[in-house]
Amino acid sequence: MTKAAAVLIAALLLTLAVLASLSIGPVAIGPTRAVAVIEAAVRHGRAGLPPDMLRGAAILFDVRGPRTALGALVGAAMALAGAVMQGMFRNPLADPSLVGVSSGAALAAVAWIVLGEGVAHLLPPALGALALPVAAFFGGLAATLLLARIATRDGRTEIAMTLLAGVALGALAAAGTGLLVFMARDDQLRTFLFWTLGSLGGATWLKVGLAAPFVGWLIIQTPFLARGLDAVALGERAAFHSGVDVERLKKAALLGVAAATAAAVASAGAIGFVGLAAPHLVRLSIGPAHRALLPVSALIGAALLLGSDVVARMAAAPAELPIGVVTAAFGAPFFLWLLLRRRARLFG
Amino acid sequence: MSALEATGVSVRLGGRTVVAEASLAIRPGRVTVLIGPNGAGKSSLLAALAGDLPPSEGEVALDGAPLSFLKPAELARRRAVLTQTVELAFPFTVDEVVRLGLPQGLARAEADRAVEEALAAVDLAGAGPRSSTAMSGGERQRAHLARVLAQLAAAPDARPRYLLLDEPTASLDLAHQLATLAIARRHADAGGGVLAVLHDVNLAAMAADELVAMKAGRIVAAGAPASVLTDDMVAAVYDVAARVGVAPGGPFLLPQTAKALRR
């Protein structure tokens, strides 16, 4: 498959996923109808819509719109972060959880749920709803910054040290999480459990707007990262020989991934598997060169997450499955099948 | 005078001094070859000249400018390095591997030509679409040599460029060993400087304008091959008693005449 074709197919898949995410739900709004409502609203403003379109517009703009935008953002962030981590660690099994983001975010989330109760009622309701994601965001970011600090000596960040210290920090955060879970009441436990399984429910444009800059920051850096990550596949020394500022690359990759992943985890919970699988799917079809791999992974990741969310909404309607359950239940077997089928191409 | 030059360079690794007070100049138009026993510090000295290992004492300068003042991208336009083992993390094609060396912002036609010429130079013409992970060790080594050549071939100006090769012939058959050394010679003839670490003293003596022998981190002899490769030097550096012969092309050493002095 040529790279241009891959970009086109990925963009097409994402378009389909966006349309599905907008139209499918308890109230079905067909894609043509959805497009018509959006078009009318753009032309006349929402106040100027005919009465028969008002309900559709409310669902599209206030519920499914932010949900779709958040899903695309989170999926793109996870896939891109996974691809960058795999390139940086030179290991196809790496994912952002290795640098402590997920465990740090989980610790901060459970800490807020269990210990934040005392102050939660002091916040205005609008802020109260954001307290959990904001806590998770800073928890995830703090864990990675701490990790980067531990693994950097004389201005050089050691990748092996990052990996091992990441395991240690992850275990420490898990211990703290376990302790807080032990202290938690049943209702707090339930809140935390559902948070860890992930959901795009409760998406608002405010959440989209808060997550977008951090994901955007990583996306903007992809051209710089792509060239560097290609060279790093040769090893750090050879990458330096061919003109890459490896230390700058590592810092940019680590911070970019941490910020984007923390934003994704904070707004949708710890959704597994997309970050690992999306880059793999892309690598299998167009090879490992990052210039195409990074953008196509982002598109595919967004499409995968939106598709999973549609399934999560519909499988047990009117209830919603946690989206992490869907990504794992569908993705893992598919991924295994791909690995077995394309074993030779993947591992040489 | 332009040169890639180490002046009184010492390198410490893990608390041990692996290169001690080494001074060495790689000059345009000349092939300099480093020889010496395992652990003599050859690769570490090469790494210091490449800018990988900051010297604990002394200085490395590229045409007069200290290496530490140069950005990686600037350095890459003026010197290229082939290291002993390069393990690719992902199955890049040969073409992609060679392109990794090219500087950014090169015009497409120019890049294509540099890649094609580099592959032809290492006898891998037409191998571009093959997966580099499915190649033999020798082929892979040549693919990386092509990458290194492409990196320098694409440099825009006429300043001298330096080629640093760490055991470039290690996993090659005889024909490709000779071809690789011929590439080094051509680079020097075209006005570039070459430093190669070689294990085979015969290849080294044949390829070198200047032969440099190291032992225990120190440079113990340097000069024309005939003046460096002598019975006394072989005994002192390798702890081997041998009779160095002289062929029309320069000195040679037959392992059949050699005997280990002590171990």
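Trainee: So a helix here is a DSSP run of H or I, at least four residues, and helices are numbered from the N terminus. Which residue just after helix 12 of chain A takes a positive phi?

Mentor: That is Gly269(A), with a phi of about 85°. Keep in mind that this is a predicted model.

Trainee: Where does helix 12 of chain A run, and how many residues has it?

Mentor: Helix 12 of chain A covers residues 246–268, which is 23 residues. From first C-alpha to last it reaches 32 Å, close to the 33 Å expected at 1.5 Å a residue.

Trainee: How many residues of helix 12 of chain A are buried?

Mentor: 18 of the 23 are buried, so helix 12 of chain A is largely enclosed by the rest of the structure. Buried means that 20 or more other C-beta atoms lie within 10 Å of a residue's own.

Trainee: And helix 8 of chain A, what should its twelve residues span?

Mentor: Helix 8 of chain A is residues 186–197 and should span 16 Å. Its end C-alpha atoms are 17 Å apart, which agrees. Just after helix 8 of chain A, Gly198(A) takes a positive phi of about 85°.

Trainee: Which residues of chain A does UniProt list as "transmembrane region"?

Mentor: An unreviewed UniProt entry lists several spans, among them 64–85, 252–281 and 321–340 of chain A. In the model, residues 64–85 of chain A are 100% helix, with end C-alpha atoms 31 Å apart. Residues 321–340 of chain A are 90% helix, and their end C-alpha atoms lie 29 Å apart.

Trainee: New topic. How many residues of chain A are in contact with chain B?

Mentor: 20 residues of chain A are in contact with 27 residues of chain B. Helix 11 of chain A gives the most to chain A's side, with four residues. By class, that side has eight nonpolar, seven polar and five charged residues.

Trainee: What is the strand order of the open sheet in chain B?

Mentor: Its four strands run 2-1-4-5, with antiparallel pairing. Strand 2 and strand 5 of chain B stand at the edges with a single partner strand each, so one side of each is left without a neighbour in the sheet.

Trainee: How many bridges pair strand 1 and strand 4 of chain B?

Mentor: Five, in the antiparallel sense. Thr7(B) stands opposite Glu59(B) in strand 4 of chain B.

Trainee: Which strands does helix 1 of chain B lie across?

Mentor: Helix 1 of chain B, residues 42–50, lies across strand 1, strand 2 and strand 4 of chain B. It runs at about 120° to strand 1 of chain B.

Methods
Residues are numbered from 1 along each chain as its sequence is written. Chains are lettered from A and ligands numbered from 1 in the order in which they are written. This is a predicted model: local features need pLDDT of at least 70, side-chain atom pairs count only at pLDDT 80 or more; totals for chains, interfaces and linings use all residues. Helices (H or I, at least four residues) and strands (E, at least two) are DSSP runs, numbered from the N terminus. The expected span of a helix is 1.5 Å times one less than its number of residues. A residue is buried if 20 or more other C-beta atoms lie within 10 Å of its own, exposed if 12 or fewer, and partly exposed in between; C-beta atoms are placed from the backbone. Two residues are in contact if their C-beta atoms, placed from the backbone, lie within 7 Å. Ala, Val, Leu, Ile, Met, Phe, Trp, Tyr, Cys and Pro count as nonpolar, Asp, Glu, Lys and Arg as charged, and the others, Gly among them, as polar. Two strands pair if DSSP finds at least two bridges between them. Axes are lines fitted to C-alpha atoms, for helices over the stretch in contact, and angles run from 0 to 180 degrees between N-to-C directions. UniProt positions are given in the numbering used here, feature names are shortened, and annotations may be inferred rather than shown by experiment.
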